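Please look over the sequence and the model shown here before reading on. The paragraphs after it are meant to be read with the structure open.

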Amino acid sequence: MNELQFNDASYEHFLNEEKLMGSKCTRCGTLSVPPRPICIKCYRDEMEWVEMKGTGTLQAFTCIAVGPPSMSQEGYDRNNPYCSGVVELDEGVKVVARIEGVDTKNPENIQVGAPLRVKFLHRGTGDSYGTVLAFDKI
Ligand SMILES: [Zn+2]
């Protein structure tokens, strides 16, 4: 798998296989999720793939009542908002993902710092097949 380029296409390929992968700089150890071909810290291009454990904590979130058409198709609307959040992985990297298992109608009940585990939501078929990165409460 090391021949895969450090880009979004490879990242999505791994998501389809239910793997949350990032790039790690072999020089300074900086992690990036999604992966980047160039280290954001030391600007070198010597990266390697690392798989995240898939656990982390909720850092920030927003509940969205009016989303893009793809979300309406999944049944989300004013009466059934969805939650998008920033999750800090145990590896120390922050990712934006769908947050499931939370009370989106009463966002005041959603707790920053809540422990979360990764979940892969497979959507569509054929050319439109893709995987949404999500996290669920542990
Ligand atoms: Zn580096």
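The model is a predicted one, and its secondary structure comes to 2 helices and 8 strands, which run from the N terminus in the order α-β-β-β-β-α-β-β-β-β. Taken along the principal axes, the C-alpha atoms fill a box of roughly 50 × 35 × 25 Å. Because a compact globule with 138 residues would have a radius of gyration near 14 Å, the 16 Å of this protein agrees with that expectation. Of the 138 residues, 37% count as buried, and among the contacts with a separation of 6 or more, 49% are between residues 24 or more positions apart.

The largest pocket has a volume of about 150 Å³, and its lining consists of D8, Y11, E12, L15, P34, V95, V96, T131, V132 and L133. Helix 1 (8-16), strand 6 (94-100) and strand 8 (130-137) are the elements that each give two or more residues to this lining, with the largest share, 4 residues, coming from helix 1. By class, the lining holds 7 nonpolar, 1 polar and 2 charged residues.

Is T55 buried or exposed? Its relative accessible area is 16%, and because buried means under 20%, T55 counts as buried. Leaving aside residues up to four places away in sequence, T55 touches L89, D90, L116, R117 and I138; with D90 there is also a polar contact, made between the two side chains at 2.6 Å.

Key:
Residues numbered from 1 in each chain as written. Predicted model: local features only at pLDDT ≥ 70, side-chain atom pairs only at ≥ 80, totals over all residues. Heavy atoms only, no water. 1 Å grid on protein atoms, 1.4 Å probe; cavity = no way out; pocket = protein on both sides within 12 Å on 5 of 7 lines; lining within 4 Å. Points joined across faces, edges and corners; volume = space filled by probe spheres on them. Nonpolar A, V, L, I, M, F, W, Y, C, P; charged D, E, K, R; others polar. Buried < 20%, exposed > 50% of the residue type's maximum accessible area, 1.4 Å probe, protein only. Polar contact = N/O pair within 3.5 Å; in protein donor to acceptor, adjacent residues only side chain to side chain. Contact = heavy atoms within 4.5 Å. Rg over C-alpha atoms; globule rule 2.2 N^0.38 Å.
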